[in-house]
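Please look over the structure shown below before reading on.

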Amino acid sequence: MTGATPQSFRRTAIGAAASRPCTLVVCRGCCCGNPRKYPGTDHDWQLDRLRAGADASGGRFVVRTTDCLGPCDQANVIVVQPSGAGRRAGGRPTWIGFAMDDDCTDEVLRWAAAGGPGIAEPPVTLELQFIRPPSEARSRTRR
């Protein structure tokens, strides 16, 4: 590029990503959320609780579901994606496995309401449930 100055290459947040809230991506595919595979967990109640927490957060975080995140042997899986501000502060998507009990749901809700990755430290006990994302997701995250 001719005539380009260092100032013309400033990094800027693009569109909606600048103000994007923390996002909880809740797997509800073949294993996660499946009452036949995990009959001791009220999967619908967990999702209702997460959504109610998002509604009560005043927009600090949102919840969405997806078909399958991949690590089915570690169901239920939730990915906590950083907000735009959290991303700029160095936060990266955090994968949580075996997220089926009330305590885990409470901790995910508290962390997301506090700002999530890059903004707030996760509860120490929740860190015990952090899992590695499938290799495909890890390579997308690095790009």
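Two strands are said to pair if DSSP finds at least two bridges between them, and the helices (H or I, at least four residues) and strands (E, at least two) are DSSP runs, numbered from the N terminus. In that sense β1 and β3 pair in the antiparallel sense over 4 bridges, with Thr23 standing opposite Gln81 in β3.

The model is a predicted one, in which local features need pLDDT of at least 70 and side-chain atom pairs count only at pLDDT 80 or more, while totals for chains, interfaces and linings use all residues. Residues are numbered from 1 along each chain as its sequence is written, and side-chain values use heavy atoms, with hydrogens and water left out.

**The sheet**

- The sheet is open and is formed by 5 strands in the order β2-β1-β3-β4-β5, with mixed pairing.
- At its edges stand β2 and β5 (130–131), each with a single partner strand, so one side of each is left without a neighbour in the sheet.
- β1 and β2 pair in the parallel sense over 6 bridges, and within this pairing Val25 stands opposite Arg64 in β2.
- From β1 the chain crosses through α1 to β2, and this β-α-β crossover is right-handed, a term meaning that, with the strands pointing away from the viewer, the path from the first strand over the helix to the second runs clockwise.
- β3 and β4 pair in the antiparallel sense over 3 bridges, and the bridge partner of Ile78 in β4 is Ile96.

- In what follows, buried means under 20% relative accessible area, exposed means over 50%, and partly exposed means in between (1.4 Å probe, protein chains only).

**Helix α1**

- The 14 residues of α1 should span 20 Å at 1.5 Å a residue, and the end C-alpha atoms of the helix are 20 Å apart, which agrees; the expected span is 1.5 Å times one less than the number of residues.
- The buried residues of α1 are His43, Gln46, Leu47, Leu50, Gly53 and Ala54.
- Seen down the axis of α1, these buried residues fall within an arc of 120 degrees, so they line one face of the helix, the arc being that of the directions from the helix axis to the C-beta atoms.
- An α-helix has 3.6 residues a turn, so residues three or four places apart point the same way.
- The face of α1 turned away from this buried side carries the exposed residues Asp44, Asp55 and Ala56.
- The cover over the buried residues of α1 includes β1 (22–27), β2 (61–66), β3 (78–81) and α3 (102–114).
- Gln46, which is found in α1 (residues 43–56), counts as buried because its relative accessibility is 2%.
- Leaving aside neighbours within four places in sequence, Gln46 is in contact (heavy atoms within 4.5 Å) with Arg28, Asn76, Ile78, Ala99, Met100 and Thr105.
- Just after α1, Gly58 takes a positive phi of about 70 degrees.

**The nonpolar cores**

- A nonpolar core is a set of buried Ala, Val, Leu, Ile, Met, Phe, Trp, Tyr and Cys residues joined through side-chain atoms within 4.5 Å.
- The largest such core has 19 residues, of which Leu24, Leu50, Phe61, Val63 and Ile96 touch the most other members.
- At least two residues of this core are supplied by each of β1, α1, β2, β3 and α3, and the largest share, 5 residues, comes from α3.
- Apart from this core lies another, of 10 residues, among them Val25, Ala75, Val79 and Ile131.

**Single residues and the backbone**

- Trp95 has its place in strand β4 (residues 94–96) and is buried, with a relative accessible area of 9%.
- Although 26 residues separate Trp95 and Leu69 in sequence, they are 9.7 Å apart in space, C-alpha to C-alpha.
- A cis peptide bond, with omega about -10 degrees, joins Ala75 and Asn76, and Asn76 has its place in the loop between β2 and β3.
- Phe98, in the loop between β4 and α3, has a positive phi of about 55 degrees although it is not a glycine, and at 45% relative accessibility Phe98 counts as partly exposed.
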